[in-house]
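Visitor: I have not looked at this protein before. Could you take me through it by question and answer?

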Amino acid sequence: MPPIPLNTLFSILVEYPALAAALDIVSVSKFIDYICILKPLMLIFNPSFIEEQPERLPINIHNFLKVTLNLDNDLIKVAWLALGEIAWNLNPDIENLQQIHRDYIQAFVDHGPAHGIAFYNLCPQTSRCLDLHCTTKSHGTNGSLQPRILGEALSYPVTVFTQDFGPIPGQIISLYCRQCKTRYYYNYYVHTNASTRTYYRGVSKFIHIAEGVLISSATTSATNCARIYNEALGKHFPSIVLPVDHPKSLDLDTEDVWNSLFLYWLLIDCEKYDTNLILTHAAPSQAKRLQPALHDRNLRMSGTGQEAWNHACELCCWVNKEGHGLRSVVVDGNEIGPPVCSVHDCMVGLESQKDYFCPLHQHLNSVCVVTSCNNVADEGHRTCSLYDHRKLEEFNDLRNKAMFQLKHRLERLTGAKTSYTEATSSDTIDDIEDTDMDNEKDSGCEGKPETGNRTLRARFGRRRAHNEELCVASCGVILGRATFYGSEAPNGVRTFLMRLFPTKRSLPGVIWHDNNCRIRAMLQKDDDPYLKHYFDDCALPVDVFHFKCKHKQEDIECGLYCNPYRWPELRTDDEKWRFNSSAAEQANVWLGGYQAIVREMQIDRYNFFLDEMIRRRNHNNIVQLRQKGKAPYSIPRHVLLSSDE
């Protein structure tokens with residue numbers, strides 16, 4: 001119980017001797033604590049919908065208190081009359097409120113359901129309609145217009161997954177505006193005839209992510225969160241006897257964790273831009289409901305969308321004596337990509353992550369998987385009836401079976417699970433790996449056929465995106481990224497850079513890349529003057545490591561035009577490199593840590609997750625740069641994006 005002056009309690013008990021005779025100090029404390037917990041629920045049933053103490057307790061709360069305190073009807077009425085005002089006006093702080101909740105969980109679990117009361121009674125965030133056109137005249141003398149009061153309360157059971165108490169039964173209480181036909185829930189509101197739900201601005205304590213499931217916004221985490229929660233927090237409160245007849249599951253599902261995480265991030269994003277999140281109401285699943293919002297945010301994050309896109313600091317930007325600045329970025333790729341359509345460079349998303357082709361190319365499922373063949377595959381096979389093609393399929397099947405036999409033998413001996421088991425227990429190796437077979441390399445036959453060498457290539461598995469391309473400032477802050485679907489060709493890198501830096505003013509002065517020699521050669525041969533000269537003011541060196549280890553000394557063009565020593569601005573007075581040209585490779589090591597998490601994600605979730613991780617990493621890096629005295633700052637976007645002319 002929050003602190004109450006003893007003289008106040010003493011005066012009340014003197015005024016009500018019958019109450020003093022029936023209640024000890026512990027019972028008085030319980031009564032006040034119950035009112036603190038039940039106040040939000042009582043406001044719902046208060047016809048005036050104001051913060052004033054109601055004259056009498058709602059009948060269900062009256063009966064609940066009677067059972068839990070073991071008092072008769074008259075004493076409950078007297079207790080409300082004597083102690084109600086004190087209890088109603090108490091506003092305990094978070095620490096006190098958490099302790100109050102902890103002390104009374106079992107009482108609510110045991111006696112609440114019979115009286116329509118849950119431990120968590122999650123009510124709408126407003127008691128009046130939010131539609132500005134939905135008003136009613138006040139009962140005062142001036143008759144001014146006020147937002148219409150909500151009513152017609154409905155409730156349904158939910159499981160609330162909390163960090164403090166584990167999974168707890170609760171209920172969602174919704175209210176209705178009869179005039180505009182809108183029903184208000186805990187997190188959002190929906191018009192009767194609307195196809196969308198609108199979320200309140202800001203992030204609530206709990207996130208409603210599925211029918212009958214709410215998760216504390218403090219517990220959202222990664223995939224293993226569900227297992228950790230169920231094994232640890234879910235069983236951490238043995239003193240709480242949960243009802244066996246609770247209609248909702250008390251186990252946290254992995255998909256619910258992911259949905260809550262994406263919804264939480266979307267709400268944070270909307271709060272930042274002071275907008276409401278609007279999602280489809282009658283969606284087949286929460287994942288499908290979130291997908292359009294994730295896609296829209298991904299479009300906004302592409303190109304110049306990262307918050308730190310215009311970052312600069314002393315580690316990635318050098319200003320000479322004349323006051324001219326030189327920004328340094330490094331570009332490199334990471335093979336972390338998700339499953340994509342098997343048609344080269346197709347960017348249409350898959351309907352299911354187990355598909356081989358996107359919806360536009362589904363007809364190719366019936367075509368032989370040998371890349372040079374357009375015949376229709378035989379029924380029950382992935383290849384046509386040609387002998388060499390069928391032999392490839394038979395060998396692929398044999399290899400898959402042998403691999404699984406070896407995998408299971410290893411698991412029996414070591415007791416460890418291999419990476420395939422971690423990916424999914426029901427998929428075959430074809431579903432997991434991008435299998436590209438060659439009849440010369442894979443046939444096991446030595447020697448040269450009489451008809452000469454003939455190569456057949458077949459793709460039995462799914463294709464994955466070729467790589468994620470990162471552009472990283474030399475200080476380690478990631479300015480942008482893009483998914484390369486087919487290859488990391490020079491033209492693809494150029495397109496990526498032109499989208500990331502859409503004006504010549506926004507271009508960094510130095511762009512390190514391990515294949516800049518090929519990019520420069522491509523630029524020199526381009527017939528379009530705009531494309532040919534777009535990077536004229538940029539130094540395009542090969543990063544120091546790759547120049548020393550991966551590029552031939554006899555390559556005169558590379559050695560002459562992409563040697564970083566060519567530009568004196570890249571060196572300090574004591575002949576050290578001014579910028580870190582390995583920043584992208586270092587960032588890719590960090591990015592590669594998410595491969596096991598994202599490799600099976602739907603493409604909108606994949607892009608959203610990576611963008612959010614990059615945004616958060618950038619925030620932490622900039623904080624560290626500031627602590628190290630590297631003076632991080634943001635170049636005004638309007639300066640970088642202004643016209644080149």
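What follows is a set of questions on confidence, strands and salt bridges in this model.

Visitor: What pLDDT does the protein chain average?
Guide: The model is predicted, so each residue carries a confidence score called pLDDT, from 0 to 100. Of the residues, 79% score at least 70. The average for the protein chain is 82.

Visitor: How many bridges join strand β4 to strand β5?
Guide: Strand β4 covers residues 151–162 and strand β5 covers residues 166–177, and the two run antiparallel. A hairpin of 3 residues connects them. One of the pairings sets V158 against G170 in β5. The number of bridges joining β4 to β5 is 10.

Visitor: Which side chain of opposite charge is nearest to R183?
Guide: R183 sits in strand β6, residues 182–184. R183 is buried and has no salt bridge. A salt bridge needs a nitrogen and a carboxyl oxygen within 4 Å, whereas the nearest side chain of opposite charge is 4.6 Å away. That side chain belongs to E152.

Visitor: Which side chain makes a polar contact with the side chain of R183?
Guide: The contacts of R183, leaving aside neighbours within four places in sequence, include E152, L154, S174 and Y188. With E152, the side chain of R183 reaches the backbone oxygen, at 3.2 Å. The contact between side chains is 2.9 Å, and the partner is S174.

Visitor: With which residue does E152 form a salt bridge?
Guide: E152 is partly exposed, because its relative accessibility is 39%. The closest N and O atoms of the salt bridge are 2.5 Å apart. E152 lies in strand β4 and its partner in the loop between β5 and β6, so the pair ties together parts that are 26 residues apart in sequence. At 58% relative accessibility the partner counts as exposed, and the partner is R178.

Visitor: In which helix do E393 and R390 both lie?
Guide: E393 and R390 form a salt bridge, with the closest N and O atoms 3.7 Å apart. E393 has a relative accessible area of 6% and R390 a relative accessibility of 17%. Buried means under 20%, so E393 counts as buried and R390 also counts as buried. The two residues are 3 residues apart, about one turn of the helix, and that helix is α10, residues 387–414.

Visitor: How many residues apart in sequence are the parts that R462 and E600 tie together?
Guide: The salt bridge of R462 with E600 has its closest N and O atoms 3.1 Å apart. R462 is buried at 3% relative accessibility, while E600 is partly exposed at 30%. R462 lies in the loop between β17 and β18, and E600 in the loop between α20 and α21, so the distance in sequence is 138 residues.

Visitor: Which residues do salt bridges that share partners join into one network?
Guide: The count of salt bridges comes to 20. Some of the salt bridges share partners and so form a network. The residues joined are D269, K272, R297, R300, E307, E612, R615 and R616.

Methods: Residues are numbered from 1 along each chain as its sequence is written. This is a predicted model: local features need pLDDT of at least 70, side-chain atom pairs count only at pLDDT 80 or more; totals for chains, interfaces and linings use all residues. Side-chain values use heavy atoms; hydrogens and water are left out. Two strands pair if DSSP finds at least two bridges between them. Helices (H or I, at least four residues) and strands (E, at least two) are DSSP runs, numbered from the N terminus. Buried means under 20% relative accessible area, exposed over 50%, partly exposed in between (1.4 Å probe, protein chains only). Lys and Arg count as positive and Asp and Glu as negative; His and the chain ends are not counted. A polar contact is a pair of N or O atoms within 3.5 Å; within protein, one must be able to donate a hydrogen and the other to accept it, and residues adjacent in sequence count only if both atoms are side-chain atoms. Contact means heavy atoms within 4.5 Å.
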